[in-house]
Amino acid sequence: MEISLQDIGTKEKYKLLTGLIFPRPIALVSTFSEGGIANCAPFSWFNAISEDPPLIYLSFNRRTDGETKHSLENILRTGEFVVNLVDESIANEMHLSSQEFAKHVSEFEKVGISWEIGKTVTHPRILEAPVSMECKFYKRVDIGPEREFIIGEILMLHAREGIIDPNSFYVSETQFWPVGRLSGTKYCSTRDRFDLPNSRFEKTGD
Ligand SMILES: Cc1cc2nc3c(=O)[nH]c(=O)nc-3n(C[C@H](O)[C@H](O)[C@H](O)COP(=O)(O)O)c2cc1C
């Protein structure tokens with residue numbers, strides 16, 4: 001089967017990209033909306049793109065009423081945000097927080113998670129999250145009317161005790177169990193890990 005992406009609609013392209021390119025990591029983005037309402041929502045068109053400077057990207061489509069996502073609005077207004085990583089312990093709350101609530105409604109109260117204000121940003125970080133990254137807005141990349149793409153720089157990282165070795169900075173293989181997004185309402189755990197031996201092709205001169 002061959003599909004020319006130029007000949008299909010936006011919805012079909014979305015289906016193909018989210019159905020084929022997975023699992024995706026999940027950023028549970030937390031921000032304050034105007035009026036100090038603590039907002040959070042998951043975004044899985046998300047990944048790290050550079051370590052120096054330490055950059056991540058987020059990509060947003062529009063709310064079903066065509067409006068800008070509240071998270072994006074808050075990021076662009078304040079130039080700051082927090083990315084909380086999602087493990088098994090908060091997967092359900094993350095999923096529930098994706099509902100399109102009105103601006104005056106706090107997802108924190110709706111789904112039952114708590115926050116503390118960041119150290120380097122004036123936005124809430126999720127206390128139940130295994131890892132939270134305080135970020136400042138770095139760049140906006142113009143893509144098109146359906147998509148907004150932004151890059152953020154990580155300023156500070158908070159991690160639950162035991163996840164990161166403070167001396168080596170290695171991340172524990174037994175204390176961190178992030179979940180990944182598949183498509184639609186499906187997720188995967190990261191428990192079924194496997195190792196490939198460090199083999200190399202022998203030099204043959206070819
Ligand atoms: C696991 C998951 C991942 C999601 N990823 C994205 C994404 O990458 N981009 C996006 O625009 N919406 C994504 N959504 C939908 C948003 O979470 C949803 O539109 C949310 O209501 C936005 O909230 P806000 O308007 O408060 O920012 C995702 C939803 C779920 C459940």
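## Before you start

A residue is called buried when its relative accessible area is under 20%, exposed when over 50%, and partly exposed in between (1.4 Å probe, protein chains only). This is a predicted model, in which local features need pLDDT of at least 70 and side-chain atom pairs count only at pLDDT 80 or more, while totals for chains, interfaces and linings use all residues. Residues are numbered from 1 along each chain as its sequence is written, and side-chain values use heavy atoms, with hydrogens and water left out.

## Helix α2

Let's begin with helix α2, which covers residues 70–78. Helices (H or I, at least four residues) and strands (E, at least two) are DSSP runs, numbered from the N terminus. His-70, Ser-71, Leu-72, Asn-74 and Ile-75 are buried in α2. Their cover includes strands β1, β2, β4, β5, β8 and β9, where contact means heavy atoms within 4.5 Å.

The helix lies across those strands, at about 60 degrees to β1; axes are lines fitted to C-alpha atoms, for helices over the stretch in contact, and angles run from 0 to 180 degrees between N-to-C directions. After α2 comes Gly-79, with a positive phi near 75 degrees.

## The sheet

Seven strands make an open, antiparallel sheet in the order β2-β1-β5-β8-β9-β4-β3. Two strands pair if DSSP finds at least two bridges between them. Because β2 and β3 stand at the edges with a single partner strand each, one side of each is left without a neighbour in the sheet. On average, neighbouring strands are turned by 35 degrees against each other, direction ignored.

Strands β8 and β9 are joined by 12 bridges. Glu-134 has Met-156 in β9 as its bridge partner.

Strand β2 contains Asn-39, which is buried at a relative accessible area of 3%. Its side chain makes a polar contact (N or O atoms within 3.5 Å; within protein, one must be able to donate a hydrogen and the other to accept it, and residues adjacent in sequence count only if both atoms are side-chain atoms) with the side chain of Ser-71, at 3.4 Å. Asn-39 also touches other residues, including His-70, Asn-74 and Phe-108.

## Salt bridges

There are five salt bridges in the structure, each a side-chain nitrogen of Lys or Arg within 4 Å of a carboxyl oxygen of Asp or Glu. In one of them, Lys-103 pairs with Glu-73, with the closest N and O atoms 2.7 Å apart. Lys-103 lies in the loop between α3 and α4 and Glu-73 in helix α2, so the pair ties together parts 30 residues apart in sequence.

Arg-160 and Asp-87 form another, at 3.0 Å from N to O. Here Arg-160 is partly exposed at 34% relative accessibility, whereas Asp-87 is buried at 5%.

Notes
Lists of a residue's contacts leave out its neighbours within four places in sequence.
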